[in-house]
Amino acid sequence: MTKEIHEVDTIESSTTSNHIDVENVSEDDISVKRYDPNADKKRLFFIFYVRKHINYLNFIFYIAACMGSITLVVYLSIVQPFIFKLILRITENQGNLTGELALYDEIIALPATLFWGVLSDRIGRRPVYSIGFLFLGASLMLYPRVENVYPQMLLCRLLFSLGSSAATCMMTGTLGDVAGAIHERARVSAIVGLAAGCGALIAGMVLIHIPYHLQEKFGTELEGIKAAFLIVGGGAIALGFLLFLTMPSTGKGQADGVAGWFKKTILKKEIEDEDEKEIISPWKLLKYGFKAGRDPRVSLAYLSSFVARADTVLFTSFMSLWVMQFYVNLGWCDTDRGTTCYPAVGGTHKLTGYGQGIALAFAPLYGYAAEKIEKSTVLGFAGFLGAIGSLPFAFTKTNPADNSNMVFVTLTGIGQMGVIIVGMTLVNGLNVDPKYRGSVAGVFSFCGALSIMITARLGGYLFDAWMHGAPFVIMGIVHILICLLSIYVRIATPRLKREDLIREEKRLKKLEEKRLARAAELTAERKHAEANSAAVNPSNN
C-alpha cells in the first residue's frame, strides 16, 4: 500500500500576483516529509501507544472517569430498592416501578446520547464528560430527599439520565482519541473494561456498606442512607471539576474545543488553524453516526452496546431487587419489627463479588484475544458465556445468593466483560472516520439506552407478573442474538477487509496527489519569487 504523505514543508515567500508556472516544476524540486507511523504517538507504561499530546495524568484521569461513571450507575441501580423500602415505604409492585423509572430514564437518554456525541465533536470530549459528572452528583444528592415516586423521584432519575448518558457516551468516544495505535486499541479497551468492572465492584462491595457504617453515627438506617447519598453525590461533583482540569484534550479543537467554539460562534472571529476551520453540520454528524451502521462490524458494535447496557441494568437493578424481595418474604427489611435490610446487602455484595470480581481477571485476556484473532469471534464467545450463565440462573428455585448459583453468576459476568471490551474496540476501528467518532459513540450509546428502555420495562413487568428470574431470561436471549450476528460478521470479515484495503488505497492515493500538487505549487511560488527578486536586483547576480 502506498504510504501516506504526512505534510508538505512550508515555504515562506512574498510573491506578486502574477501567473505561476506549475507545469515546469520537476519532482526533484518538491520537498515533502514521508509519513512516520509513530511520529504522533508515544508509549505509555511500556504497554501501548497513545496520542503524543496524552500524558500520564490525562490517561489516569480518563480511566478514573470510566470507573467513576460505572460506579455511579451501578450504585443507583443497587440502592434504589432501599429507597423504595426505607424512604418511600413501598413494598408492592417494586419490579414495575423499577422498570417504569428505567423506561423514562432511557426516553431522555435516547436523544441525550446523540446530543452529547454530536456536541463532543464540536467542542471536545472533556467539557461534556465534566458536565455529565456534575449532573450525576446533583441527582444523587437530591435522591434521598424525595417524598414520592412521581414526580420527585422521576425528576431526579431524569437528571441522572442526562449525566449518565454524557459519561458513558464519552467513555467510548474518548477511547479512540486516546489510543495511538489502531492494532493496540483492544489493550486500551481492556483497561477501560477493567476500570468499569472495578467501578461495579466498588459500588456493590464498598459503597453499599456506607449507610450501615454511618448508621452508628446518625442513629438510624434511614439517616445513614441519606448521608451516604450526599457523600457519593458530592464526590461525583468534585470529580467533575477535576476532570475538566485533567482529562485528555480530545475531540474537535482538542484543548481549544470550548475556546474555538466560543470564538467562532460568539465572537465571530476567524480561526487560523486549517483543521478548525471546517465546521461540520450537527445533522451531518448525526447522519454519519447512523449510516456507519451499514458496515456489519459497526452494526455488531452497536448490538454489543445494546447487550452490554441490558446486562448492566438487569444484572444490577434486578439482582439487588431479587435479593431484597427474597429477604422481605422472610420477614427482613421491616423497621416496624426491628429488622434491617443488611442481610440483603450481604447477598448483593456476594453476587457482585462473584459476577464482577472474577470477570476482572478476564479483561486482559479479552484485550489480548481481540488483538490476535477476529474480534467477532471473541464477541461471539463472550455472548455464548453470557447466555449459558444467565438462562440457568433465571430458573433457580433457591436463594439467588446461594452458593449453587455462583457459577452461573460468574459466567454471566465474564460474558458481560467481553461484550463491553470488544464492543468498544469495534466501534473505534479503522472503518470509522475520526472526525465523526463522537457521533458514532453517540449512536453506540443510543443503542444502549434503547436496550435499557426495552429490557428494563419488560423485565420489570415480568418480574412482578411471572417470576423474579424473568429479567435474566431476557439477558440470555440478547446474548444469543449477539452470538448469531457475530457468526455472520465472522463469515463476512474477509470480504470486508478486502473492501477496506481498496478504499484505503484510493484514499491514500488521492491524498498523495493532493499533497504533491500543493508541494509543486509552493515550489513554483518560491521559484517565481526568486526570479522576481533577481530581476529587481540584477547587481546581486
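**Exercise 1. Describe how helix 14 and helix 15 pack.**

Solution. Step 1: helix 14 (residues 375–394) packs against helix 15 (residues 406–427) at an angle of about 150 degrees, and their axes are 7 Å apart. Helices here are DSSP runs of H or I with at least four residues, strands are runs of E with at least two, and both are numbered from the N terminus. Axes are lines fitted to C-alpha atoms, for helices over the stretch in contact, and angles run from 0 to 180 degrees between N-to-C directions.

Step 1: angles under 35 degrees count as roughly parallel, over 145 as roughly antiparallel, 65 to 115 as roughly perpendicular and the rest as oblique. Helix 14 and helix 15 are therefore roughly antiparallel to each other.

Step 2: the crossing of helix 14 past helix 15 is left-handed. A crossing is left-handed if the near helix is turned anticlockwise from the far one by less than a right angle, and right-handed if clockwise.

Step 3: Ala, Val, Leu, Ile, Met, Phe, Trp, Tyr, Cys and Pro count as nonpolar, Asp, Glu, Lys and Arg as charged, and the others, Gly among them, as polar.

**Background to the model**

This is a predicted model, in which local features need pLDDT of at least 70 and side-chain atom pairs count only at pLDDT 80 or more, while totals for chains, interfaces and linings use all residues. Residues are numbered from 1 along each chain as its sequence is written, and side-chain values use heavy atoms, with hydrogens and water left out.

**Exercise 2. State the helix and strand counts of the protein and the share of its residues that is buried.**

Solution. Step 1: the protein has 17 helices and four strands. Step 2: of its 541 residues, 56% are buried. Buried means under 20% relative accessible area, exposed over 50%, and partly exposed in between (1.4 Å probe, protein chains only). Step 3: among contacts with a separation of 6 or more, 82% join residues 24 or more positions apart.

**Exercise 3. Classify the packing of helix 1 with helix 5, and of helix 2 with helix 3.**

Solution. Step 1: helix 1 and helix 5 have axes 7 Å apart and an angle of about 40 degrees, so they are oblique to each other. Their crossing is right-handed.

Step 1: the residues that meet include Phe59, Tyr62 and Cys66 in helix 1 and Val188, Ile191 and Ala195 in helix 5. This contact of helix 1 with helix 5 has 18 nonpolar, three polar and no charged residues.

Step 2: the axes of helix 2 (residues 94–123) and helix 3 (residues 125–142) come within 7 Å and cross at roughly 135 degrees. That makes helix 2 oblique to helix 3. The contact includes Trp116 and Asp121 of helix 2 and Arg125 and Phe135 of helix 3. By class, it has seven nonpolar, one polar and two charged residues.

**Exercise 4. Which residues touch the most other members of the largest nonpolar core?**

Solution. Step 1: a nonpolar core is a set of buried Ala, Val, Leu, Ile, Met, Phe, Trp, Tyr and Cys residues joined through side-chain atoms within 4.5 Å. Step 2: the largest core has 123 residues, of which Phe59, Tyr62, Phe82, Tyr129, Phe133, Phe229 and Tyr302 touch the most other members. The largest share of this core, 19 residues, comes from helix 1 (residues 56–87). Step 3: a second, separate core of 28 residues includes Trp322 and Ile474.

**Exercise 5. Is His209 buried or exposed, and is His213 buried or exposed?**

Solution. Step 1: His209 lies in the loop between helix 5 (185–205) and helix 6 (210–218). At 12% relative accessibility, His209 counts as buried. Step 2: His213 is in helix 6. Its relative accessibility is 58%, so His213 counts as exposed.

**Exercise 6. Describe the backbone at Pro151 and at Arg89.**

Solution. Step 1: most residues other than glycine have a negative phi, and most peptide bonds are trans. Step 2: Tyr150 and Pro151 are joined by a cis peptide bond, with omega about 10 degrees. Pro151 is in helix 4 (residues 149–178). Step 3: Arg89 is not a glycine, yet has a positive phi of about 55 degrees. Arg89 sits in the loop between helix 1 and helix 2, and at 52% relative accessibility Arg89 counts as exposed.

Conventions
Contact means heavy atoms within 4.5 Å.
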